[in-house]
Every structure is written in C-alpha cells, then in structure tokens.
Amino acid sequence: MELPTYNGTCHPDKYIKRMRAYCKINQITNENEILELCILMLDSIITIPNEINSLDELTTSLKSHSTFNIFKNTCKAKLKFLKYVSEKEGGNTATFLANFRSLCDDAEIDDVEEITNYLLNTLSSDKFLKVEFKRKLNGINSVDEILEIFSDIVIDELNVIRYGSLVAFKHVATGKYLSSCNKNYSTGSGFQIVFAKNNLSPNSVWVISKNDQLPNEPFDKPLSYGNPFYLIHKVSGNKLDMDKRYKSPTTKHAEEIINIQNLETKLILRSHDFTFTLADKNYQEVVGHDKRMGGNDKICREAAVLITLIS
C-alpha cells in the first residue's frame with residue numbers, strides 16, 4: 001500500500017482512514033507519529049494552523065479549508081448529472097449504487113429526501129421506473145432501505161417486456177421456438193413461412209411493436225396484460241399474421257404468415273407435431289384457430305407459450 005497523500009480531492013475522513021490503514025500495515029501505532037505523517041503528506045496548497053495536536057483537530061482544520069467546500073460541491077454536481085445504466089445497456093447496478101452512496105458521503109448529504117431526489121434524477125429518462133420507485137418509497141426513512149428498493153426495482157425491470165423488446169416464444173408442448181425465414185409457402189398465400197424449430201436463432205427473434213413495423217425507438221412503456229401489440233420478425237422486419245383465407249399446408253387450419261399487409265384477425269396461435277415440407281426440408285407447422293381446441297387444461301397447456309426476454 002502506497003503512502004496516502006491529501007490535496008483536497010478526497011474527503012478528510014477518508015484520508016485519515018487510509019493513513020491509519022497504512023500505519024497499521026507498517027506497524028506504526030503511536031498517535032503522534034500517525035498525526036505527523038498525515039501533516040507531512042498534505043499538499044503544499046493545503047495550509048493549516050501550526051498548533052494541531054490531534055487527528056480530530058486535523059480533520060476539523062481540513063474541513064474548514066476552502067478546498068473541502070469545492071470538493072463537496074463537485075460531488076453534488078456529479079450526483080446531479082449521474083445517470084443509471086442498466087445491465088442490459090452494459091451497466092452494473094452494484095457499482096452504480098456504491099458510487100452513488102460514496103458521492104453522497106463525500107458531499108456530506110444525509111437527508112433522506114435529498115438523497116431520494118438525487119436517486120430519482122438518475123432515472124429521469126424512465127418514467128415507469130420513477131413511478132414504481134416513488135410508489136414503493138412510501139414510509140421508508142432508511143437510506144439503506146431506499147438503495148435496496150432501488151436495486152430491486154431496476155433488476156426486476158430487466159424482466160419487464162416493453163414495446164420495442166426483443167423476445168422469443170417457446171412452445172411448451174414441443175419445446176420449439178416460433179420462427180420464420182426468407183422462404184415462402186408453396187401453397188396458400190405464398191407469403192413468408194412461419195414454423196417452430198428446435199433451437200433459438202436469429203430467425204426466432206421477434207420485436208414487440210405498437211404498430212406493424214419495426215419501432216424507431218429501442219424501448220417504450222412496459223407492456224401490460226390486455227395491451228395490443230404486433231409481433232415483428234427481427235430479421236425480415238415483417239409482421240406476424242394469421243389469415244383465414246389461406247389454409248396451412250398440412251392440417252388446413254388458418255395459415256400463419258409473415259405479412260406486409262394489415263390484416264385484422266382474432267385467432268389463437270397453436271402448434272403441434274405436424275410438419276410441412278418445403279424445398280425438401282421439413283418444418284413444424286404453426287397455425288391459427290378460431291378457439292382453443294377442446295378448451296380443457298391439457299389442450300390449453302399444449303397451446304401455451306413461454307416468452308423469453310432477449311433484450
């Protein structure tokens with residue numbers, strides 16, 4: 001460990017703590033010797049009274065120096081412009097909160113309301129998270145609890161599906177993924193095929209969208225139960241549709257297509273072990289039904305879909 005120095009760019013308490021750690025490692029235990037080292041390692045711009053007889057007096061003197069107010073104001077400015085970046089965007093919540101708490105300590109901010117406002121400001125671009133954070137803070141007066149609530153909310157948010165989210169749909173009964181590729185049906189509509197495949201690939205990635213095209217913005221408000229949405233195939237940019245005018249290749253139910261037109265349908269997505277062949281290759285069929293097949297739990301489970309949030 002290097003010998004600590006002080007030039008007004010850290011908190012005096014932390015400087016003294018580092019110096020104590022250095023002395024402990026080097027078996028310097030005499031308080032006067034520790035004090036002497038602390039004074040010797042002050043930068044020449046830091047002027048203190050000649051009569052300093054204890055580490056507490058040194059700390060008080062350093063805090064009364066103009067550089068300490070400059071340091072605190074700098075920490076407050078950093079807090080003002082600090083923005084939270086989630087793991088999804090390459091950030092690290094633990095590192096962010098440690099840095100936030102350190103800045104608050106350095107700026108000597110201990111007021112719960114002030115700390116909360118700074119933390120809310122880091123979420124200025126995400127209204128949903130701000131509302132959730134405020135809602136859960138009701139009656140909380142502990143800074144540790146506030147930071148824990150913040151952590152819980154932002155980590156949970158990683159699993160929230162939004163307009164603009166990339167998702168994959170896994171059919172529970174067969175374990176295959178809803179997919180498409182740049183091949184067209186040889187019968188029916190002749191549009192781009194939809195099928196279920198074993199492994200997750202770029203062809204299995206879909207975008208949740210408000211309209212029938214890829215969204216301009218990467219993320220929008222969270223998707224709630226009952227909200228309408230379009231499924232846009234990420235690779236082709238075309239939307240998923242079901243068309244009763246055309247029959248699926250094998251079972252002759254409503255054909256599942258990737259379409260560039262605007263079709264209004266209310267059909268239920270379903271898959272099973274039936275396949276169709278195109279260019280000597282077999283594809284598991286995905287079709288649309290007017291209603292659940294039989295309506296019992298076994299069939300409902302067969303028709304169920306697991307959603308995997310990709311980003």
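Predicted model: local features only at pLDDT ≥ 70, side-chain atom pairs only at ≥ 80, totals over all residues.
**The whole protein**

The protein has nine helices and 10 strands. Of its 311 residues, 41% count as buried. Its accessible surface comes to about 17,700 Å², and carbon and sulfur atoms account for 48% of that surface. Among contacts with a separation of 6 or more, 56% are between residues 24 or more positions apart.

The largest nonpolar core has 28 residues, and the members that touch the most others are Leu79, Phe96, Phe100, Leu119, Phe133 and Phe150. At least two residues of this core come from each of helix 4 (66-81), helix 5 (93-106), helix 6 (112-121), helix 7 (127-136) and helix 8 (143-157). Helix 8 gives the most, with seven residues.

Leaving aside neighbours within four places in sequence, phenylalanine 150 is in contact with Tyr84, Phe96, Leu97, Leu119, Thr122, Leu123 and Phe133. There is also a second, separate core of 17 residues, which includes Cys10, Met19, Leu35 and Ile46.

**Aromatic pairs**

The structure holds seven aromatic pairs. Two of them are set out below.

| Pair | Distance between ring centres | Angle between planes | Arrangement |
|---|---|---|---|
| Phenylalanine 68 and phenylalanine 71 | 6.5 Å | 25° | stacked |
| Phenylalanine 133 and phenylalanine 150 | 5.6 Å | 85° | edge-to-face |

Phenylalanine 68 and phenylalanine 71 both lie in helix 4, and because they are three residues apart, about one helical turn separates them.

Now for a helix with a buried side. The buried residues of helix 3 are Leu55, Leu58, Thr59, Ser61 and Leu62. They lie on the same side of helix 3, because the arc they cover around the axis is only 165°. On the other side of helix 3, Asp56, Thr60 and Ser64 are exposed. The cover over the buried residues of helix 3 includes helix 1 (12-25), helix 2 (31-40) and helix 4.

Serine 61 deserves a look of its own in helix 3, which spans residues 55-64. Its relative accessibility is 10%, and since buried means under 20%, serine 61 counts as buried. Not counting residues up to four places away in sequence, serine 61 touches Ile48, Pro49 and Ile52.

**Strand 1**

Finally, have a look at strand 1 (residues 166-171). Five of its six residues are buried, so strand 1 is largely enclosed by the rest of the structure. Strand 1 pairs with strand 4 (residues 206-209) in the antiparallel sense, over two bridges. Within strand 4, tryptophan 206 stands opposite valine 167.

How values were computed. Residues numbered from 1 in each chain as written. Heavy atoms only, no water. Core = buried A, V, L, I, M, F, W, Y, C linked by side-chain atoms within 4.5 Å. Buried < 20%, exposed > 50% of the residue type's maximum accessible area, 1.4 Å probe, protein only. Helix = DSSP H or I, 4+ residues; strand = E, 2+ residues; numbered from the N terminus. Contact = heavy atoms within 4.5 Å. Phe/Tyr/Trp six-rings, centres within 6.5 Å; stacked < 30°, edge-to-face > 60°. Areas by Shrake-Rupley, 256 points an atom, 1.4 Å probe, with all protein chains shown as cover. Pairing = 2+ DSSP bridges. Arc of directions from axis to C-beta.
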